[in-house]
Amino acid sequence: MAPSTTSAVTLDINGERYALCVDHRTTVLDVLRERLDLTGTKKGCDQGQCGACTVLLDGRRAVACLQLAVAAEGREITTVEGLADGDRLHPVQQAFLDLDGYQCGYCTPGQICSAVAVIEEHAAGWPSAVTGDVRLEAGPPPLTAEEIRERMSGNLCRCGAYVAIIQAVARAAGTESTRPAA
C-alpha cells in the first residue's frame, strides 16, 4: 500500500482555526488563496524572491510560497487581512494609505506584513546589515531610511513606490525623519 500524500492539519490564521486536508506539497500561500479565499496575500514569483506573499508566522516574516501548510500547523499565521482591528486599520496599513505607499498595489500586502515585522524587529534591538553598532548595550539603532531600506529589501515593488514605502514605515514606527537618505 502506498503512503498517503495528504494530511489533516489545523491552521491558525488571523485568529481563526481552520481544519483542512491538504496535499503534503501544498504551500501556505495556496491554502490561503485557493482554499480559504484570503486573497490579500499575492502570488508573485512563487520562488521566495519577490516578497509579494509575505505573511507573519508567529510574528516573524515568512514567504508563504515556500512554507508548506503541513509545517505551519501549530503556528499563528497572520495575513494582511488579519492586521486591522475591525474597521480600524493597523498603523502600518494606515500609513501606507496616507502616504501612497503603493501604486498598482500588488506588492502592498507583502510590503505591509514585512513592515509590521520590521518595526517589531527594530524595537527588539535586532541589527540589520547596515547597523553600525551591533552591541546589545548600544540598543536599537535609529530607524533611518537606510535601515528601513535594508530591512525591507526582501520585498520588491515593480512600480518603484519605494520612497513612499520608506516614509510609510517610518511614520508607522513613529520616527521623525521620513526623508530617504541620499
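**Exercise 1. Examine the salt bridge between Arg171 and Asp98, and state which helices it links.**

Step 1. The side chains of Arg171 and Asp98 meet in a salt bridge, at 3.9 Å from N to O, where a salt bridge is a side-chain nitrogen of Lys or Arg within 4 Å of a carboxyl oxygen of Asp or Glu. The model is predicted, so local features need pLDDT of at least 70 and side-chain atom pairs count only at pLDDT 80 or more, while totals for chains, interfaces and linings use all residues. Residues are numbered from 1 along each chain as its sequence is written, and side-chain values use heavy atoms, with hydrogens and water left out.

Step 2. Arg171 lies in helix H5 (residues 162-173) and Asp98 in helix H2 (residues 91-98), so the pair ties together parts that are 73 residues apart in sequence. Helices here are DSSP runs of H or I with at least four residues, and strands are runs of E with at least two, numbered from the N terminus.

Step 3. Arg171 counts as partly exposed at 45% relative accessibility, and Asp98 counts as partly exposed at 43%; the classes are buried under 20% relative accessible area, exposed over 50%, and partly exposed in between, with a 1.4 Å probe and protein chains only.

**Exercise 2. Describe the exposure of the partners in the salt bridge of Arg17 and Asp12.**

Step 1. The side chains of Arg17 and Asp12 meet at 2.7 Å, N to O.

Step 2. Arg17 is exposed, with a relative accessible area of 62%, whereas Asp12 is buried, with a relative accessible area of 13%.

Step 3. For another pair, Arg88 and Asp85 form a salt bridge at 4.0 Å, N to O, and both of these residues are exposed.

**Exercise 3. Locate Thr41 and list the residues that it touches.**

Step 1. Thr41 sits in the loop between helix H1 (28-35) and strand E3 (54-57).

Step 2. Thr41 is buried, with a relative accessible area of 2%.

Step 3. Leaving aside residues up to four places away in sequence, Thr41 touches Leu29, Leu32, Arg33, Cys53, Val55, Thr79 and Glu81, a contact being heavy atoms within 4.5 Å.

**Exercise 4. Characterise helix H3 by its span and its burial.**

Step 1. Helix H3 (residues 108-123) has 16 residues and reaches 22 Å from its first C-alpha to its last, close to the 22 Å expected at 1.5 Å a residue, the expected span being 1.5 Å times one less than the number of residues.

Step 2. H3 is mostly covered, since 14 of its 16 residues are buried.

Step 3. After H3 comes Gly125, whose phi is positive, near 90°.
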